[in-house]
Amino acid sequence: MAEMRPGPATRTGLQLSALPDHSPLLQPSLAELRRRARAVGAPLSTLSLTDSFLLRFLRARDFDLDLACRGESTFTQAYLLKNYYKWREECPEISADLHPGSVLGLLRAGYLGVLRARDPAGSRVLIYRIAYWDPKVFTVYDVFRLSLITSELIVQELETQRNGIKVVFDLEGWHFSHAFQITPTVAKKIAAVLTDSFPLKVRGIHLINAPIIFYAVFSMIKPFLTEKIKERIHMHGANYKQSLLQHFPDILPLEYGGEGFSMEDICQEWTYFVMKSENYLSSISQTT
């Protein structure tokens, strides 16, 4: 998932990001991204040549084609596109099979819910519940695959491209059996997606109910994260409801201080949506 690099986005970039996909004003940026992608060796497949696909990467950087990518190049969208393909190629255990059936067990268990409404900033909000991940049944790669599938689906949404996502991790139920699956290699892959390998802006990461044993894993992931992402991590502890509601007023389920619907409701809704998206997910499963 793509993170905004240091430095403000230009007003022109924000205005371009707000335009619909079919606007002719977007064509110069699209043409330039194609040119730069070729320059850095990005594998431009039929899918990646479409305007709608490339616009995800442009909006992830607010159309700032000259925003510096430290130590590499000024071609940040092109590198983001290249890194996206590189990450998928290097992680076939996660990305090769994006069919819904590969994560149906986790979905039915209630591990992930996507909130019906966006937060006040327009971000999509996802809730992951560790207690519903049984590491004896599902590997960390299964969990990661569900996250990738969800990201591939919501990145199609124009408003999500513009305003990004915020994620709540409910760490109640985190045990050593979970921790043992997060190796340094896995930690590095997690960090890559959060920073520069997927075209989604990560606007916030909220951790609740974190037990002491979780911090050993967190300390392994943290060095791979950029300072910008670190600044967007919020530790709420066990008495989280008041502070969490300040970030997400009026949109949380009953279990987290909201009203009107439960986690079971939104987990079932997201399961249905993922299953309904089988044709699209199948079409991108072998895309590298």
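The model is predicted: local features require pLDDT of at least 70 and side-chain atom pairs pLDDT 80 or more, while totals for chains, interfaces and linings use all residues. Residues are numbered from 1 along each chain as its sequence is written, and side-chain values use heavy atoms, with hydrogens and water left out.

Across the whole structure, 15 salt bridges are found, each being a side-chain nitrogen of Lys or Arg within 4 Å of a carboxyl oxygen of Asp or Glu.

Select Asp62 and Lys201 to begin. Their side chains form a salt bridge with an N to O distance of 2.8 Å. Asp62 sits in the loop between helix H3 (51-60) and helix H4 (76-90), and Lys201 in the loop between helix H10 (184-195) and strand S4 (202-208), 139 residues apart. Helices (H or I, at least four residues) and strands (E, at least two) are DSSP runs, numbered from the N terminus. Both residues are buried, that is, under 20% relative accessible area, whereas exposed is over 50% and partly exposed lies in between (1.4 Å probe, protein chains only).

Next, select Glu152 and Arg88, whose side chains meet in a salt bridge at 3.6 Å, N to O. Glu152 belongs to helix H7 (residues 140-154) and Arg88 to helix H4, so the pair ties together parts 64 residues apart in sequence. Glu152 is buried at 1% relative accessibility, and Arg88 is buried at 2%.

Finally, select Glu157 and Arg118, a salt bridge with its closest N and O atoms 3.0 Å apart. Arg118 is partly exposed, at 22% relative accessibility.
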